[in-house]
Amino acid sequence: MIIRTATLTLLLCVAAATATFSGDSALLRASKSGKESHETTKKGRGKETTKKNVYGKDLQMCSTEGMALTGFTRDGRCVEQQDDVGSHHICIDLASIASTGKNFCGVTEQPDWCDDKMACSDDSDEKCPVKHWCVCQWAFAAYIEKAGGCDAIQEINCEATNVEALKAYEKKSKAGADENVVNALKCLKQRCKLDADVDLAIA
């Protein structure tokens, strides 16, 4: 049941994350706000943000010059219009090499958009490689499980990872969440060198 739930969640997260760059109408239908995300690309790109990263500091850009533009709102940061219900908060370095030799797409058995070229962060008329990418925090949990553990995944850009991911994992873990969510919390703390006992009391 855990694996089946994780797989379904992963597919929904991937559909929402990639729909605005895909010509597949089925993916576009899977992401109700896909069109709005695409339309906010030029307006939202590079805006100042008050969002915080896992260290409690200002959230940094996930994608930068020379990289494909990421973010659910396509402004380069791992934010959404409503972060309290949002989930594309984990910034993964897709250019890094995992111990398995497989990237996020390969491990999660989805089309290899990780090696695609998409609209650039600094010039939407040009195409750039996907390097740093905001992935759904629930897809991230499934990724760890499928990869075989935290040590087998690609690098995380902690400065560009939204604290909302930690808060969501903490909340779910305290509510008796599936093991993959608990492991995702432990992994994020491990990779970002956070105190294992840290308890987020951020409203």
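Student: Which residues of α6 are buried?
Tutor: In this predicted model, the buried residues of α6 are Gln137, Ala139, Phe140, Ala141, Ala142, Tyr143, Ile144 and Ala147.

Student: What does that say about the helix?
Tutor: Helix α6 covers residues 137-147, and eight of its eleven residues are buried, so it is largely enclosed by the rest of the structure.

Student: What follows α6?
Tutor: Gly148, with a positive phi near 100 degrees.

Student: Back to Tyr143. Which residue does Tyr143 form an aromatic pair with?
Tutor: Phe104. The pair is edge-to-face, with 4.9 Å centre to centre and 70 degrees between the planes. Phe104 is in helix α5 (residues 104-107) and Tyr143 in helix α6, 39 residues apart, so the pair links distant parts of the chain.

Student: Are Phe104 and Tyr143 buried or exposed?
Tutor: Both are buried.

Student: What about Trp113 and Trp133?
Tutor: They form a tilted aromatic pair, 5.6 Å centre to centre with 50 degrees between the planes. Trp113 lies in the loop between α5 and β2, and Trp133 in strand β4, so the pair ties together parts that are 20 residues apart in sequence. Both Trp113 and Trp133 are buried.

Student: Which residues form the aromatic cluster?
Tutor: Phe104, Trp113, Trp133 and Tyr143 form one cluster.

Student: New topic. How do α7 and α8 cross?
Tutor: The axes of α7 (residues 163-174) and α8 (residues 179-191) come within 9 Å and cross at roughly 140 degrees. The two helices are therefore oblique to each other, and the crossing is left-handed.

Student: Which residues of α7 make the contact?
Tutor: Ala165, Leu166, Tyr169, Glu170, Lys172 and Ser173. On α8, the contact residues include Val181 and Leu188. The residues of the contact divide into eight nonpolar, one polar and three charged.

Key
Residues numbered from 1 in each chain as written. Predicted model: local features only at pLDDT ≥ 70, side-chain atom pairs only at ≥ 80, totals over all residues. Heavy atoms only, no water. Buried < 20%, exposed > 50% of the residue type's maximum accessible area, 1.4 Å probe, protein only. Helix = DSSP H or I, 4+ residues; strand = E, 2+ residues; numbered from the N terminus. Axes fitted to C-alpha atoms, helices over the stretch in contact; angles between N-to-C directions. Parallel < 35°, antiparallel > 145°, perpendicular 65-115°, else oblique. Left-handed = near helix turned anticlockwise from the far one by under 90°. Contact = heavy atoms within 4.5 Å. Nonpolar A, V, L, I, M, F, W, Y, C, P; charged D, E, K, R; others polar. Phe/Tyr/Trp six-rings, centres within 6.5 Å; stacked < 30°, edge-to-face > 60°.
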